[in-house]
Amino acid sequence: MLDSYSALAGQFFGVISLILCLLAFASKRDERLMGLLLSANVAFALQFVLFESWTAAALTVLVIVRIALARRYPGSKGVMAGVLVASGVAALLTWQGWADFPAIVAMTVGTVGMFLFHGISMRICLGLAALSWFLSHALVGSVGGMLAEALVFVTNAITIYRLERARRRYPQAFE
């Protein structure tokens, strides 16, 4: 019975994460995107803990740290390298098999995107990270995770289109 409560609680936090991710990627403002992603990843970390998926939980906690650091130190290659090293160590300590590899790719691409890029370029990296997370969820059989990442990818793609359209109409605003 306890397992069903954990699974139900995990599903609850997954739905909360999904809603927050959709709101984040629908935003045209980078600051709002980052803030909502912080909240979504807290809920995802709780979900992974409840499902006892330790590798995903560890990397998700580092995603939270990464988002906070990328907001505070945008463009810092040293801080970015520290996040990448911490991610590698966490992955080595929690490695369960090749199904963990797409999560490592997602963490790496997302980290580079958040520290080195902004606007459309950052969202392209985050879209690639979402595809990697999608594959990670598919390899472990998480239908809810696949749905969340697919919806995040589509929402992100629409926002990229909206930003590109705005950039063409108002190029002076993007200088």
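Trainee: What makes H3 roughly parallel to H5?

Mentor: H3 and H5 pack at an angle of about 5 degrees, with their axes 10 Å apart. Axes here are lines fitted to C-alpha atoms, for helices over the stretch in contact, and angles run from 0 to 180 degrees between N-to-C directions. Angles under 35 degrees count as roughly parallel, over 145 as roughly antiparallel, 65 to 115 as roughly perpendicular and the rest as oblique. H3 is therefore roughly parallel to H5. Helices (H or I, at least four residues) are DSSP runs, as are strands (E, at least two), numbered from the N terminus.

The model is predicted: local features need pLDDT of at least 70 and side-chain atom pairs count only at pLDDT 80 or more, while totals for chains, interfaces and linings use all residues. Residues are numbered from 1 along each chain as its sequence is written, and side-chain values use heavy atoms, with hydrogens and water left out.

Trainee: Which residues make the contact of H3 with H5, and how do they divide by class?

Mentor: Contact means heavy atoms within 4.5 Å. H3 brings Leu59, Leu62, Val63, Arg66, Ile67, Leu69 and Ala70, and H5 brings Ala103, Ile104, Ala106, Met107, Gly110, Thr111, Met114 and Phe115. By class there are twelve nonpolar, two polar and one charged. Ala, Val, Leu, Ile, Met, Phe, Trp, Tyr, Cys and Pro count as nonpolar, Asp, Glu, Lys and Arg as charged, and the others, Gly among them, as polar.

Trainee: Why is H4 called roughly antiparallel to H5?

Mentor: The axes of H4 and H5 come within 10 Å and cross at roughly 170 degrees. That value falls in the antiparallel class, so H4 is roughly antiparallel to H5. The contact of H4 with H5 has ten nonpolar residues, three polar and one charged.

Trainee: How do you know that the span of H5 agrees with its number of residues?

Mentor: The expected span of a helix is 1.5 Å times one less than its number of residues. H5 (residues 101-116) has 16 residues and should span 22 Å; its end C-alpha atoms are 23 Å apart, which agrees. H3, with 19 residues, reaches 27 Å, close to the 27 Å expected.

Trainee: Why does Ser132 count as buried?

Mentor: Buried means under 20% relative accessible area, exposed over 50%, partly exposed in between (1.4 Å probe, protein chains only). Ser132 has 13% relative accessibility, so it counts as buried. Ser132 lies in helix H6 and touches Pro102, Val105 and Ala106, not counting residues up to four places away in sequence.

Trainee: What makes Ser87 buried, and which residues is it in contact with?

Mentor: Its relative accessibility is 7%, so Ser87 counts as buried. Ser87 lies in helix H4 and, leaving aside neighbours within four places in sequence, is in contact with Leu59, Leu62 and Met107.

Trainee: How do you know that Gly10 is buried?

Mentor: Gly10 has a relative accessible area of 0%, so it is buried. This residue lies in helix H1; leaving aside neighbours within four places in sequence, Gly10 is in contact with Gln47, Leu50 and Phe51.

Trainee: How many residues has the largest nonpolar core, and which helix gives the most to it?

Mentor: A nonpolar core is a set of buried Ala, Val, Leu, Ile, Met, Phe, Trp, Tyr and Cys residues joined through side-chain atoms within 4.5 Å. The largest one has 37 residues, and Leu33, Leu37, Ile67, Met114 and Leu126 have the most contacts inside it. H2 gives the most to this core, with nine residues.
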